[in-house]
Amino acid sequence: MIKRTYLLTILLIVCLLTGCGNKTEKMCRIEIRNENSTDVITLEQADVDDFFDEDEWTECENFDEKLVSEYVIELYQEKTHTRVQPDKENTYEKVMEYTTYKDSDIVKVVISKDAIKSGGVSEEDLTFYYKGSEQFFSTLNNV
């Protein structure tokens, strides 16, 4: 459990230091969809710190497998620019995926394997469960 906490903390710090929270360097996009729908709400040039207040979340040890998912929130970060001309159709890469559940304050957080860029890490090692804050759910419902 401690290993997971350190891994998530390191990823969040790397994400913030690489500019995801800094509008002058890398931009972020947040896509939100209802689990039963193909409709997607996209927040371009999103301020991640305003949307996710993860400092107020607490990690959960147990997760009720019977919960029904409600929303899937995908966080994308602008790819690093290189000398090679970037693919204009694919300028963002998925960094994290959040799943919320009906009638619950549980949030499943999955770090994208592409964001880690190292082999040998299982999806289980990149999956965490938290109790989200009232502010997060309020922001999500307002969107």
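**Reading the model**

Modeller: Strands (E, at least two residues) and helices (H or I, at least four) are DSSP runs, numbered from the N terminus. This is a predicted model, in which local features need pLDDT of at least 70 and side-chain atom pairs count only at pLDDT 80 or more, while totals for chains, interfaces and linings use all residues. Residues are numbered from 1 along each chain as its sequence is written, and side-chain values use heavy atoms, with hydrogens and water left out.

Biologist: Is Gln77 buried or exposed?

Modeller: A residue is called buried under 20% relative accessible area, exposed over 50%, and partly exposed in between (1.4 Å probe, protein chains only). Gln77 has a relative accessible area of 6% and is buried. The C-alpha atoms of Gln77 and Met27 are separated by 6.1 Å, although these residues are 50 residues apart along the chain.

Biologist: How many helices and strands does the protein chain contain?

Modeller: The protein chain has four helices and seven strands. Along the sequence they follow the pattern α-β-β-α-β-β-β-β-α-β-α. Of the 143 residues, 36% count as buried.

Biologist: In what order do the strands stand in the sheet?

Modeller: Two strands pair if DSSP finds at least two bridges between them. Here an open sheet of seven strands has the order 2-1-4-5-6-7-3, and the pairing is antiparallel. Strand 2 (40–43) and strand 3 stand at the edges with a single partner strand each, so one side of each has no neighbour in the sheet. Strand 4 and strand 5 are joined in the antiparallel sense over nine bridges; Glu74, for example, has Glu97 in strand 5 as its bridge partner.

Biologist: Which strands pair with strand 7?

Modeller: Strand 6 (residues 106–111) pairs with strand 7 over five bridges, in the antiparallel sense, and the partner of Val107 in strand 7 is Tyr130. Strand 3 (residues 58–59) is joined to strand 7 by two bridges and also runs antiparallel to it; there, Thr58 has Lys131 as its partner. Strand 7 (residues 127–131) has four of its five residues buried, so the rest of the structure largely encloses it.

Biologist: Which residues of helix 4 are buried?

Modeller: In helix 4 (residues 134–142), the buried residues are Phe136, Phe137, Thr139 and Leu140. To see how they are arranged, one looks down the helix axis and takes the arc of the directions from the axis to the C-beta atoms. The buried residues of helix 4 fall within an arc of 160°, so they line one face of the helix. The face turned away from this buried side carries the exposed residues Glu134, Asn141 and Asn142. A contact means heavy atoms within 4.5 Å. The buried residues of helix 4 pack against strand 1 (28–34), helix 2 (48–51), strand 4 (69–78), strand 5 (92–101) and strand 6.

Biologist: How many residues does the largest nonpolar core have?

Modeller: A nonpolar core is a set of buried Ala, Val, Leu, Ile, Met, Phe, Trp, Tyr and Cys residues joined through side-chain atoms within 4.5 Å. The largest has 21 residues, and those with the most contacts inside it are Phe51, Phe52, Trp57, Ile73, Tyr98 and Phe136. Strand 1, helix 2, strand 4, strand 5, strand 6, strand 7 and helix 4 each supply at least two residues of this core. Apart from it lies another core, of five residues, among them Cys60, Phe63, Tyr101 and Ile106.

Biologist: How is a pair of aromatic rings described?

Modeller: The distance of the centres and the angle of the planes describe such a pair. Rings of Phe, Tyr and Trp (its six-membered ring) pair if their centres lie within 6.5 Å; planes under 30 degrees apart count as stacked, over 60 as edge-to-face and the rest as tilted. By this rule there are eight aromatic pairs. The ring centres of Phe52 and Phe136 are 5.8 Å apart and the planes are at 20°, so this pair is stacked. Phe52 lies in the loop between helix 2 and strand 3 and Phe136 in helix 4, so the pair ties together parts 84 residues apart in sequence. Trp57 and Phe136 have ring centres 4.9 Å apart and planes at 65°, so their pair is edge-to-face.
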